[in-house]
Amino acid sequence: MENFNRLNDLYFKKLLGDKKRKNLTLSFLNGVLNKDDENYFTDISFLDKDNEPLTLDGKLSKLDIRADLNDGTQVDIEVQVCPFKFMAERSVYYWSKMYSEQLEKGAEYKKLKKAIAINLLAFDYLEDERDWHNIYNLLNVKSHNKLTDHIEIHFLELPKFTLRDMRKIRTSEAWIAYFSGKYSKKELEEIAMTTPAIKEAVEFEDTFLQDKIERRAYEQREKAIRDYYSCMNLYKEDMNINIIS
């Protein structure tokens, strides 16, 4: 299928939010978090969040995957398709909830585990950054020493990504190449030769698209996002006309 949107919320969650394919989620996380053979995550447990309000910003443009990793690390993966200028504030807010919800009343602070927020964005967000992958911690403004390793927030901006050498591709680059939609099936097959998880993802994608029910649901979600963009553009046009007149 041409122009298949791999960031479609229904597809993305079925691909990386299903325990039947947790090996793919672990591949994605270990790649993005730059884990090596000695400290990579080996297991993951998905956590279902409460249903959120049916808003355009939430329902149509954001996806959330919450999980615990085998060492107790908490992780939150957010996909944002529509541009949203308060992405940083929202990410910190969701991170803080994830971190604070670890402790029950009266529990000791030493039981707190690291919490990682990963934001996968289909738009340019960090105007002063050129790299596609930027990581934020809590640092001393003078010495730049880290206060704690418990907070870690990632921004992955797909439009900024360009694959430089397909022969020396890292796992994180393979996944971003897959989700970016910039590369053909033939190029993805070449990437899959060095990153087996991508081969499995492409095979799952084919199965997903052959399922009439799944494909129909996917198309309905895409239509909802297109309608959202159309409404926003009309609103901006009306505002400009009113300002000029």
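Q: Why does Glu157 count as buried?
A: In this predicted model, Glu157 has a relative accessibility of 0%. Buried means under 20%, so Glu157 counts as buried.

Q: What makes the contact of Glu157 with Lys160 a salt bridge?
A: The closest N and O atoms of Glu157 and Lys160 are 2.9 Å apart. The cut-off is 4 Å, and the pair therefore qualifies as a salt bridge.

Q: Why is Glu152 called buried?
A: Its relative accessibility is 11%. Because the limit is under 20%, Glu152 counts as buried. Glu152 also forms a salt bridge with Lys114, with 2.9 Å between the closest N and O atoms. This pair links distant parts of the chain, with Glu152 in strand β6 and Lys114 in the loop between α4 and β4.

Q: Why is the ring pair of Phe4 and Tyr218 described as tilted?
A: The ring centres are 4.9 Å apart, and rings pair within 6.5 Å. The planes meet at 40°; under 30 degrees would count as stacked and over 60 as edge-to-face, so the pair is tilted.

Q: How do you know that Phe4 and Tyr218 are buried?
A: The relative accessible area is 8% for Phe4 and 2% for Tyr218. Buried means under 20%, so both residues are buried.

Key. Residues numbered from 1 in each chain as written. Predicted model: local features only at pLDDT ≥ 70, side-chain atom pairs only at ≥ 80, totals over all residues. Heavy atoms only, no water. Salt bridge = Lys/Arg side-chain N within 4 Å of Asp/Glu carboxyl O. Helix = DSSP H or I, 4+ residues; strand = E, 2+ residues; numbered from the N terminus. Buried < 20%, exposed > 50% of the residue type's maximum accessible area, 1.4 Å probe, protein only. Phe/Tyr/Trp six-rings, centres within 6.5 Å; stacked < 30°, edge-to-face > 60°.
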